[in-house]
Amino acid sequence: MCERVSAPGGGNTGPPASLTAPGLPPQDDEDAGGVFLDLSELPVEESERRPTCSRCCRPEKVCLCPFLPVDPLEVSTCLYIVQHPAEESRVLRTVPLLAACLPRGKCNVLVGRRFNEERHPELAAVCRDKHTLILYPGSDAENLEELDRDFTTSPHNVIIIDGTWSQAKDMFLRNALFRLPKQVQLNSAPSSQYVIRTQPTNMCLSTLECAAVTLSIMERNQAIQEVLLKPLRALCSFQLQHGAQVHHSKEHLLKNGLYDKPMPKNKRKIKRMQKLITNQNI
């Protein structure tokens with residue numbers, strides 16, 4: 001229910017003032033009303049959205065389904081992608097491709113910035129489950145490859161934050177639920193093949209790539225990584241063939257003197273840039 005906001009003094013404030021442009025004689029209310037009436041009768045041009053594939057969520061003309069597995073991959077691990085709202089509007093997203101490769105219910109996407117037990121009881125229960133891991137690098141994270149745990153004996157859950165690195169950091173730090181699961185990171189991940197989007201460092205991966213490496217480790221099946229990366233390579237190849245440029249990481253650009261944007265004035269951002277150049281943990 002919306003409240004009506006009255007003008008100062010309340011009550012009826014009388015007829016509206018006439019609308020006049022500088023240098024033109026004032027119009028009476030009848031003339032002004034005629035102008036608005038004429039504008040309201042102008043035809044509205046409706047924009048037609050391109051038909052979208054229901055599986056890969058790409059426009060049908062650039063559908064990537066030929067690069068997806070014929071049948072969803074059989075995995076015991078369940079992924080929970082907590083996605084920053086800004087990612088929904090991005091055209092070249094990787095999460096729809098990831099979801100299209102996995103069985104229904106094995107890739108759950110939750111959109112938002114803040115998550116709590118009252119509003120997200122299902123996610124809270126997952127976070128409290130001893131079989132849940134959260135993939136986020138840091139000093140408190142253990143290397144997933146080195147965990148002394150057999151993931152094949154019981155189904156596990158993995159939470160992955162989907163957003164830019166600054167968005168992911170903000171979401172991780174501001175959501176107490178994300179500190180409940182065991183924190184893990186990837187120590188032996190390959191260089192990113194998502195070359196049409198700039199990454200902060202050479203070691204950063206897209207959400208799909210993180211999931212691909214994680215699942216291949218937990219399912220003890222390296223073939224999973226190849227299957228999941230196939231549509232990503234196809235996406236990047238298509239974009240490069242149609243004018244997109246290869247994006248090097250900020251770390252690469254800074255180290256090789258190729259960073260052509262103005263350097264930040266904020267001291268914290270400058271310090272972050274220096275860490276990128278010296279390859280320190282950021």
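How much accessible surface does the protein have, and what share of it belongs to carbon and sulfur atoms? The accessible surface comes to about 18,100 Å², and carbon and sulfur atoms hold 51% of it. Areas were computed by the Shrake-Rupley method with a 1.4 Å probe; for residues, only the protein chains shown count as cover.

1. Basis. The model is predicted: local features need pLDDT of at least 70 and side-chain atom pairs count only at pLDDT 80 or more, while totals for chains, interfaces and linings use all residues. Residues are numbered from 1 along each chain as its sequence is written, and side-chain values use heavy atoms, with hydrogens and water left out.

2. Overall fold. Eight helices and six strands make up the secondary structure, in the sequence order α-β-α-β-α-β-β-β-α-β-α-α-α-α. These elements are DSSP runs numbered from the N terminus (helices H or I, at least four residues; strands E, at least two). Of the 282 residues, 37% are buried; buried means under 20% relative accessible area, exposed over 50%, and partly exposed in between (1.4 Å probe, protein chains only). Contacts are heavy atoms within 4.5 Å. Among those between residues at least 6 apart in sequence, 70% join residues at least 24 apart.

3. Helix α4. In α4 (residues 165–174) the buried residues are Q167, A168, M171 and F172. Seen down the axis of α4, they fall within an arc of 130°, so they line one face of the helix; the arc is that of the directions from the helix axis to the C-beta atoms. S166 and R174, on the other side of α4, are exposed. The cover over the buried residues of α4 includes β1 (78–83), β3 (132–135), β5 (157–162) and β6 (182–185).

4. L235 in α6. Helix α6 holds L235, which is buried at 1% relative accessibility. Beyond its neighbours within four places in sequence, L235 is in contact with R58, L64, L92, R93, L97 and I196. The C-alpha atoms of L235 and Y194 are separated by 8.8 Å, although the two residues are 41 apart along the chain.

5. Cavity. On a 1 Å grid over the protein atoms alone, a cavity is a set of points where a 1.4 Å probe fits but cannot get out, and a pocket is an open set with protein on both sides within 12 Å along at least five of seven lines; lining residues have an atom within 4 Å of a point. There is one cavity of 30 Å³ or more, and the largest cavity has about 30 Å³ of space. P190, S191, Q193, L205, E209, V213, Q225 and L229 line the largest cavity, with α5 (207–218) and α6 (223–241) each supplying at least two residues.

6. Second largest pocket. This pocket holds about 380 Å³ of space. Its lining has 18 residues, of which T52, C57, R58, P59 and V91 lie nearest its centre. Helices α2 (95–101) and α6 each supply at least two residues of that lining.

7. Positive phi. Most residues other than glycine have a negative phi. C57, not a glycine, has a positive phi of about 65°; C57 sits in the loop between α1 (29–40) and β1 and is partly exposed, with a relative accessible area of 40%. R220, also not a glycine, has a positive phi of about 55°. The loop between α5 and α6 contains R220, and R220 is exposed at 61% relative accessibility.

Conventions
Grid points are joined across faces, edges and corners, and a volume is the space filled by probe spheres set on the points.
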